[in-house]
Amino acid sequence: MADSTMQSLDQLSALKPAEAPESPKYVQKIDKQGRSYATGKRKDAVARVWVKPGSGKIEINTRAFEVYFARPVLRMLIQQPLVATNRNGQYDLICTVSGGGLSGQAGAVRHGLSKALMAYEPDLRGALKRGGFLTRDSRVVERKKYGRAKARRSFQFSKR
């Protein structure tokens, strides 16, 4: 027991400082076709995203990206991770997305794309993390309660 406790302050300097725990190393994950895969989620939407090097073609549910997401805001939302990492036009994306509405699906594709990009190029993690693209937006619709019109809205009150 005397070995483990300190006898004087002089012994303190002889002690080696405890090594800091190493941060996890992120490795490249690629399948046999040279693609990287990730799942993205937002609200009720779930997107499965495959990333491979290419000319920048984006395909969602076997349709062109411009056809599926007609609103420019949604297209911009999806391309944010590529723009933030200066990889615009360098990767082809194949996505299957289901559930939720269009904006939820766009958010799910963005989340999946960010995770797939990180799986393909682990060095991009810093830029993606700074942009907040790797965090799953956990906000979902609150459930309806009994005795209420919606989650919090009461039925209309009438005196008569």
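Reply: Isoleucine 60 has cysteine 95, in strand 5, as its bridge partner. Strands here are DSSP E runs of at least two residues, helices are H or I runs of at least four, and both are numbered from the N terminus. This is a predicted model: local features need pLDDT of at least 70, side-chain atom pairs count only at pLDDT 80 or more, and totals for chains, interfaces and linings use all residues. Residues are numbered from 1 along each chain as its sequence is written, and side-chain values use heavy atoms, leaving out hydrogens and water.

Strand 3 (residues 58–60) and strand 5 (residues 91–98) run parallel, joined by three bridges. They belong to an open sheet of five strands, order 1-2-5-3-4, with mixed pairing; two strands pair if DSSP finds at least two bridges between them. Strand 1 (36–42) and strand 4 (63–64) are the edges, each pairing on one side only.

Now the side contacts. Beyond its neighbours within four places in sequence, isoleucine 60 touches Phe65, Tyr68, Phe69, Ile78, Cys95 and Val97; contact means heavy atoms within 4.5 Å.

Ile60 also sits in the largest nonpolar core, which has 29 residues. Such a core is a set of buried Ala, Val, Leu, Ile, Met, Phe, Trp, Tyr and Cys residues joined through side-chain atoms within 4.5 Å. Buried means under 20% relative accessible area, with a 1.4 Å probe and protein chains only. Val51, Ile60, Phe69 and Leu117 have the most contacts inside this core. Helix 4 gives the largest share, eight residues.

Key. Buried < 20%, exposed > 50% of the residue type's maximum accessible area, 1.4 Å probe, protein only.
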